[in-house]
Amino acid sequence: MEQFREKLKLENRITAVLCVILMVFSVLGFAAEAGLVELTPVTGDGRWQSMWRGMVSGASFGVLVLMVIGLIRSIRALKDEKKLKKLYIEANDERQIQIWTNARATSMQVTLLLGLVAGLVIGYFHMAIGVTILAVESIHAFIGFAFKIYYSKKL
């Protein structure tokens, strides 16, 4: 349990740093939209730029809220042995780990297939976007293949 406690403390430190980074993105997006800072995407008209700043600040803020909730949960667990044990059991539940592993594997396969189809279809309408999607899908496939080799040797 002590190893889990130390792991949780490290995760909390990393999460806190990421929260600060997300807070900066969120505040910059809000400040740019309010006209307090000059932070404008290079392309697009004013509506696109406003939408982008809103999306960046909103997404950053949303993820920040979720991370803060998780951080509070972890900190509370570190102070209460029962909550810590419950969190340990949740984190090491083999059934949930297997479900997530299978879900991620299936998600990767579906994403690769849909991305391939999307890249081929969109290529007829806009070549640069089609090639970009195919490039991203190729990188995704190579990363998956690299992890397959890594885990074959590790396990």
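Modeller: A residue is called buried under 20% relative accessible area, exposed over 50%, and partly exposed in between (1.4 Å probe, protein chains only). In this predicted model, local features need pLDDT of at least 70 and side-chain atom pairs count only at pLDDT 80 or more, whereas totals for chains, interfaces and linings use all residues. Residues are numbered from 1 along each chain as its sequence is written, and side-chain values use heavy atoms, with hydrogens and water left out.

Colleague: Into which domains is the protein assigned?

Modeller: Such bounds come from an automatic or database domain assignment. Here the assignment gives domain 1, covering 1-92, and domain 2, covering 94-155. Taken over C-alpha atoms, the centres of domain 1 and domain 2 lie 26 Å apart.

Colleague: How many residues apart are Glu2 and Arg5 in helix H1?

Modeller: Helices are DSSP runs (H or I, at least four residues), numbered from the N terminus. Glu2 and Arg5 are 3 residues apart in helix H1, residues 2-34, and are therefore separated by about one helical turn. Arg5 has a relative accessible area of 15%, so it is buried.

Colleague: Which residue forms a salt bridge with Lys7?

Modeller: The partner of Lys7 is Glu11, with the closest N and O atoms 4.0 Å apart. Both residues belong to helix H1, where they stand 4 residues apart, about one turn of the helix. Glu11 is partly exposed because its relative accessible area is 37%. Lys7, with a value of 47%, is partly exposed as well.

Colleague: Where in the chain do Glu33 and Arg53 lie?

Modeller: Glu33 and Arg53 form a salt bridge whose closest N and O atoms are 3.0 Å apart. This pair links distant parts of the chain: Glu33 sits in helix H1 and Arg53 in helix H2 (residues 46-79), 20 residues apart. Glu33 has 39% relative accessibility, so it counts as partly exposed. Arg53 is buried because its relative accessible area is 13%. Salt bridges with shared partners also join Glu2, Arg5 and Glu81 into one network.

Colleague: Which residues lie nearest the centre of the largest pocket?

Modeller: On a 1 Å grid over the protein atoms alone, a pocket is an open set of points where a 1.4 Å probe fits, with protein on both sides within 12 Å along at least five of seven lines; lining residues have an atom within 4 Å of a point. The largest pocket is lined by 13 residues, and Trp100, Thr101, Arg104, Ala105 and Tyr151 lie nearest its centre. Its volume, the space filled by probe spheres set on the points, is about 540 Å³. Helix H3 (81-91), helix H4 (94-122) and helix H5 (127-154) each supply at least two lining residues, and H4 gives the largest share, 7 residues.

Colleague: What is the volume of the second largest pocket?

Modeller: The second largest pocket has a volume of about 290 Å³. Its lining consists of 13 residues, with Leu8, Glu11, Gly70, Ser74 and Leu87 nearest the centre. H1, H2 and H3 each supply at least two residues of this lining, and H1 gives the most, 6 residues.

Technical notes: Salt bridge = Lys/Arg side-chain N within 4 Å of Asp/Glu carboxyl O.
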